[in-house]
Amino acid sequence: MTTRRPPTLVVLGGGPAQRHAIDAARRLGVRTVVCDSDPRLGDVEVSSEDTDGVRRVAREADGLIAPGTDWPVRIAAYVAEDLGLSHPISSATARLATNKLAQRELFTARGIPQPAWSADVPPAYPCAVKAPDRQGQRAMSIVGGVEGLDAAVATARSGSRSGRVLFEALVPGPEVTVNGFSAGGEFVAVTVTDRIHFVGVPGVAHRHVFPTLAGADEAASVAARAVSALGIDEGPSYVQLILSDAGPKVIEVAARLGGGHDSELCLATVGVDLAEAAVEVALGRTVARDAVIPHPRCAGVIEFLQAPAGELVSAGGPAGVHFYHPRGHVYAPLRVATDRAGYVLCTAETREEALEAVRTATAEVTFQVT
């Protein structure tokens, strides 16, 4: 009698943003092969952005997933298409999901609300100057006027894979994140959370808070339109929006799980295992819409930790606090999301109680650096 081998899933990236999906796959009895340029994080020393290397690893696999970072979403879709593997999104959708300029052009054509933007000059001030094919805050600057614009453009262009630059007017208003899942072409807003930045570090999330103070239904409705426009008919999506006076405006859409432990917050607060659903769909399995319908049961907060600049000697805190880095890691001043030092997730009956629980936990966190 032959023993049927477990399905094999190639995971692009082995860092904190990917761990929930990796753990979910293993709970499902799925064999994972993690590609990461850091041998401490991966099973094979292959960059998650190395198309040829990932293709070699995936030749005997049943599926690929890029659960927490943007550019590998494109790599996974390309390789799946090359090898004839099932995949939740097409390579065309993956290109849209990993290029902010392409998104802006599409949203303009479809009438989806978004900030004023240009590929040539600032449409207004203050303005964000971005590399359109980089994730998060990499190569991004905020300028208040003409002064500093040339330096911001040079930074964005040097970080851009294509050499192009995106200019976006800064829209005032609170920022929210819609964590969603599409099943059979139907979008479900699993959670809508307030996204609060570190003071003085635009774009870098300090905490995600569920439920939002306001605007959840409106944000979910606009997010659904944006996800559909990109062609994300199956699988997870992550949409950032600004709740402006004129209504929600889409900042960006990603065809993946949120990279800030968002799927963990979804599971804790509304009982939806987005990581498990993402693994299932990456293997070509059908995910029923009912499986991703949220059933709110508590409030929750994810708070990220900031370490002082220097070489890490030790870090400590109460149970439930998670640290990202080993002794010897060198912290730079906080500028991008990967400069964060760890996180804590707290739940409680109310939003205020969850925020208080987080404050209590983080007050006991200590870092010793040299």
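Author: Let us begin with the second largest cavity of this predicted model, where about 60 Å³ of space lies. The lining of the second largest cavity is made of 14 residues, and those closest to its centre are Ala17, His20, Gly258, His261 and Ser263.

Reader: How is such empty space found in general?

Author: A probe the size of a water molecule is rolled over the atoms, and this shows where empty space is left.

Reader: Which elements give two or more residues to the lining of the second largest cavity?

Author: They are helix H1, which covers 19-27, and helix H8, which covers 262-270. The largest share comes from H8, with three residues. By residue class, the lining of the second largest cavity holds five nonpolar, seven polar and two charged residues.

Reader: How many cavities of 30 Å³ or more are found in the whole structure?

Author: The search finds three cavities of 30 Å³ or more, and in the largest cavity there is about 150 Å³ of space. Around the largest cavity there are 19 lining residues, with Ile65, Ala66, His87, Pro88 and Ala255 nearest its centre.

Reader: Which element gives the most to the lining of the largest cavity?

Author: That is H9, with three residues. At least two lining residues come from each of strand E3 (63-65), helix H3 (71-83), strand E11 (235-244) and helix H9 (274-282).

Reader: How do the residues of the lining of the largest cavity divide into nonpolar, polar and charged?

Author: In the largest cavity, 15 lining residues are nonpolar, two are polar and two are charged.

How values were computed. Residues are numbered from 1 along each chain as its sequence is written. This is a predicted model: local features need pLDDT of at least 70, side-chain atom pairs count only at pLDDT 80 or more; totals for chains, interfaces and linings use all residues. Side-chain values use heavy atoms; hydrogens and water are left out. On a 1 Å grid over the protein atoms alone, a cavity is a set of points where a 1.4 Å probe fits but cannot get out, and a pocket is an open set with protein on both sides within 12 Å along at least five of seven lines; lining residues have an atom within 4 Å of a point. Grid points are joined across faces, edges and corners, and a volume is the space filled by probe spheres set on the points. Helices (H or I, at least four residues) and strands (E, at least two) are DSSP runs, numbered from the N terminus. Ala, Val, Leu, Ile, Met, Phe, Trp, Tyr, Cys and Pro count as nonpolar, Asp, Glu, Lys and Arg as charged, and the others, Gly among them, as polar.
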